[in-house]
Amino acid sequence: MGLIQKLPAVVDPLPGGRHLVDAVDTIVNWARANSLWPLTFGTSCCAIEMMASSMPRYDISRFGSEVFRATPRQADLIILAGTIVDKMVEVLKTLYEQLPGPKYVIAMGSCTISGGPFIYDNYSVVKGADRIIPVDVYIPGCPPRPEALFHGLLLLQEKIKKESLRRPWVDTTLHTAPFVNPFTRAALEWETQEKEREPAAAEARAKFAAENPDFKPFKAERVLPPPMPDLPRPAGKGAGLPHGELFDLVRAAFPSVVLHKNEGADRASVDALPSDAPLDFVVPPGEYLAFARFLRDEPRLALDLFFDLTAVDWEQPPAPNGATTPLAHRFHLVVQLLSTVHGHLVFFRVPLAENEVPDDSRKTAVLAEVPSLVPLWPGANFKEREAYDMFGIRFSGHPDLRRLLNPETFEGFPLRKDFTHPAMVKRPY
Amino acid sequence: MELVPATDQALPPGFLTARSGRATEEYFINMGPQHPSTHGVLRLVLRLDGETVVEVVPHLGYIHRGIEKQAEAQTYLQYLHLTDRMDYLSSHHNNHAVCLAIEKAMGIGVPERGEYIRIIVDELQRIQSHLVFFACFGADLGALTCILQGFKAREYITDLFDAVCGSRLTMNFFRPGGSVRDVPEDFTDRVRAVCGKVDAMLAEFDRLLTGNLITKERARGIGVLPRAEAIALGCTGPVLRGSGVDFDLRKKAPYGYYDRFEFSVPLGEAGDSWDRYLIRMEEMRQSLRILEQACRSFPGGPYRSKEKPAYRLPTGTWFGAVETPRGVFSTWIVAEKGEKPWRIHSRSPSLANLAALNPMCVGHKIADLITILATIDPVIPDMDR
C-alpha cells in the first residue's frame, strides 16, 4: 500500500501517467466500496433492522457487506444502529480508534443524527453521534427500513468511489478536526439562492396570475374519520384475594397502616374500590421492614414475588415569588409485591423525610435513608440501586450500593424534581 | 504477560462472593458493551477460575436514555411512543400497558373489535419476539442457520405489521380506547396465512434445533434456576415458568378478552436452559391457537372508542400491566393536575430476569454463559430505559 500511495507523486508527471493513476484509483476504490465490512455494533432498536437487513429477505451481501465483524480491528465500517448515550461515548471513541483506516461511519436512525425522539428534556442522550466521531452518511428514520439502510450503503459506496490516491484518506484525529456545521452552511447557501431567484420568480407569478385570472389553488378535501362511540369502561376484573379481605388481613396485623390518600377507609369503602387497581398502603418508616416481612411470610397473602421498587419525589416547584413550600415528606418509596399463587398485587409506600444538608449541596447529596430489602428478596438488589441512582435514597444494609444506570462520575440524581443538567434542552413549545 | 493472582488484588466493584481459597488463580474478563453475544450493549464482568464462571457482574446503563425523566415533561400520548423504543421486540405490549393505565384512570372503554385487534396484534408480536429468541439462541449455540431461518419467519409477521401500522418495528399502534386506525379488510385472511406459514416453519425448527443432540447437550442441566430463587429474584415470563411456577398474567389476572380464549401455559420442570427454550417454542404454538380462535370470531363494528382531545388523568396513581414475551411489563403513573405525568415508572421484565443471570451461571463454563444469557432473552434498552 505504501508504494501505491506514492504512485501519484511519481507517475503523474510522466506523459500519460495520469491515466495509470486513474486506473489504479478505479480498481482500489471498486475493491474498497464493494467489500465494506461492518462492525456488529447495535445499541437499540435500529440494530434489529440492521440484523433484518443482513437476513435472507433483504440480504445485505448483495452489496458486499455481509461480513459483520465482532471486532473493530477487522472491520472498516461502523453502522451506528441506535441511540448513543453519555456512558457509551468513551466506548464508541475507542471502537472508532481501533478501526483500521480507511474507516467509514453510517449514522442509522434519527437518534444518531440528532438525538431523535430523545432530543428535548433529556440528560443522557448524545444529540448526534457526529459530536463524537465523524459520520459519512446519515440515514433518517426511526428506525430506517432495510431499504433505507441499503440506500445509505450505496451512497457510501458512491462516496468511496470518488476517492483518489491524489487525495489520500486522512485519519484526522478527532480533537484537531475543525468543526463544520453542514446544516447551517447549506441553509445559508439556500437562502442566498432564494434571494437571487426571487425577482424572476415574482415575475413568473405575476405573469401566471395575469394569464389565469380564475385560478384557485387546489385544496384537498379533509377526510374525517368515522365517528366513534363514547364507551364507558366496564368494571375491572380483579385477581386473587378481594380488596376487603386483603385490607382486613393487613389492618389486623398493622393498625397503623392506612391506605394512600384514603386514610379513613374501612372495610365497606375498600370493598367498593375498583378491583383492578391494587391497594396502596402507607407504612410509617419505623415499621417498613416488619411490614415487608409480614407481607412476604403471611401465607394467606402469599406475596412472594418481588415485583418492583421505585420512588416519587414530591418537591413542588417554587412559587412565582420564589417561595418554596416545606414538605413533611420529600420522597415516597413505593414497593410493589405480587402473588404468583393468587395473582393479586399489593403496593405499599413509605414516606421519607429529607435529611438536613447545607443548601448548596442539596442537589448532589443523598437525602434520605431506609433499610434495604435485599435480605428479604434478593431481587430488590437492582431496583434499590436504581432508586439510589435516580433519587439519592440510601439503602442501609444493601450489599453493593452503586449507581446502576448513570456513570459513577454522574452528579446529581435525575428523577428528583430539582434536577438540572446542561444537556437538557427545553422543548420550545 | 504476567498474571497477577486475584487473591492479591482487591476485587473489582460488584463482586461479592468470598474467595474460595483454592490454589488456582482467578482472573477477570470484561465482556461487552460491544459484544455480539450480549444482545445489545450489556456489559458483563466475569470472574473465572480456569474456564469456570465464579461470578458474573452485569453493568448497565450503556443505553440509559432517561425516558422516565423525559416523560415528566411530555404529555401521555407523547410518552406512548417512547415506550415503543424501550422493549422494541414487544412494542405493542408496552403501548398496551400504558393504554390500560390511562383507560383505568379516565374510564375509557374499548369496543369489542378493538379488544380483538389488540389480542391479535399482541399475540403476533409474541410470536415475532420468540422467533428472534430462537434465532439468537441458535446463533449463540453456533447454529447460524437458525438466525437466518428465524428472521425469515419473522418477516412474515413484520409484513403484516407493516400493512396494519405502517411501520416494521416501532409501531406505536395502540391508543387509549383502542388502536390508532382500523385493520385492513382482509386482515383475518392475512393473519391466517401468516399463521400457516409460521406453523410450517415451527415444525421445521423442531427438526432443525429441538431434536438436535448438540442443543440438548448444551442446554439440559445448564443454568438451573430453582423455583424459590426465581420467585425471590422477581423473575417473570418464561424464566419464571421455566422453573415450574404457574404464573401468566393472561391467566392469573386476565386483561382484555384473554379469558375468552382457550390456551395453555407451558411450564418447565427442571428450570434449566432447555426448559426455557421449550417453553418459548410451545408459547408460539399457543399464540397460534389464540390467533386461530380470534380470527374465527373477529367482530365488526367500531375499532376504538371516541378520541379525547387531551388526556388529563385524574389525580392519583394508575397502574397497568401486561404479559410481554419476556415477562410482566407494567406502567405506574403518578398523575397530578395537567396533561403531563408527575412521574411514570415502567417495570422492565428484562431487568428483573437479569438478576437471575449470576445464580444461573455459577459453576458453568464460560461458553454456557452465552446460552444462559440467550435463554433470558434480554432486551437491553428495556433494562436501561
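Analyst: Two strands pair if DSSP finds at least two bridges between them. Keep in mind that this is a predicted model.

User: Which residue of E8 in chain B is the bridge partner of B:Ile333?

Analyst: Strand E7 of chain B covers residues 327-335 and is joined to E8(B) by five bridges, with the two running antiparallel. Within E8(B), the partner of B:Ile333 is B:Ile344.

User: Which helix of chain B gives the most to the side that touches chain A?

Analyst: The contact between the chains involves 62 residues of chain B and 69 residues of chain A. By class, the chain B side has 30 nonpolar, 16 polar and 16 charged residues. The most from one element is four residues, given by helix H5 (144-165) of chain B.

User: What do the buried residues of H3(A) pack against?

Analyst: Helix H3 of chain A (residues 45-53) is mostly covered, with nine of its nine residues buried. Among them are A:Cys45, A:Ile48, A:Glu49 and A:Met51. The buried residues pack against E2 (77-81), E3 (104-108) and H6 (146-161) of chain A, together with H5 of chain B.

User: Which residues of E2(A) point the other way from A:Leu77, A:Ile79 and A:Ala81?

Analyst: In a regular strand the side chains alternate between the two faces of the sheet. E2(A) has five of its five residues buried, so the residues on both sides of the strand are covered. Opposite to A:Leu77, A:Ile79 and A:Ala81 point A:Ile78 and A:Leu80.

User: Which residue of E2(A) stands opposite A:Leu39?

Analyst: Strand E1 of chain A (residues 38-39) pairs with E2(A) in the parallel sense over two bridges. Across from A:Leu39 stands A:Ile78.

User: How far apart are the centres of the two domains of chain A?

Analyst: Chain A is divided into domain 1 (4-161) and domain 2 (243-317 + 324-396). Taken over C-alpha atoms, their centres are separated by 49 Å.

User: Which residues of E11(A) make up its uncovered face?

Analyst: E10 of chain A (residues 368-371) runs parallel to E11(A) and is joined to it by four bridges. One of the facing pairs is A:Glu369 with A:Arg394. The covered face of E11(A) holds A:Ile393 and A:Phe395, and the uncovered face holds A:Arg394 and A:Ser396.

User: Is A:Gly397 buried, partly exposed or exposed?

Analyst: A:Gly397 is found in the segment after strand E11 (393-396) of chain A. Leaving out residues up to four places away in sequence, A:Gly397 touches A:Pro371, A:Ser372 and A:Pro375. It has 13 other C-beta atoms within 10 Å, which means that A:Gly397 is partly exposed.

User: Is B:Asp377 buried or exposed?

Analyst: B:Asp377 lies in the loop between H14 (366-376) and H15 (380-384) of chain B. Its phi is positive, about 55°, although it is not a glycine. A residue is buried if 20 or more other C-beta atoms lie within 10 Å of its own. B:Asp377 has 27 such neighbours and therefore counts as buried.

User: What is the omega of the cis peptide bond from A:Cys142 to A:Pro143?

Analyst: Most peptide bonds are trans. A:Pro143 is placed in the loop between strand E4 (137-139) and H6 of chain A. The bond from A:Cys142 to A:Pro143 is cis, with omega near -5°.

Key: Residues numbered from 1 in each chain as written. Chains lettered and ligands numbered in written order. Predicted model: local features only at pLDDT ≥ 70, side-chain atom pairs only at ≥ 80, totals over all residues. Buried ≥ 20, exposed ≤ 12 C-beta atoms within 10 Å, placed from the backbone. Contact = placed C-beta atoms within 7 Å. Nonpolar A, V, L, I, M, F, W, Y, C, P; charged D, E, K, R; others polar. Domains from an automatic or database assignment.
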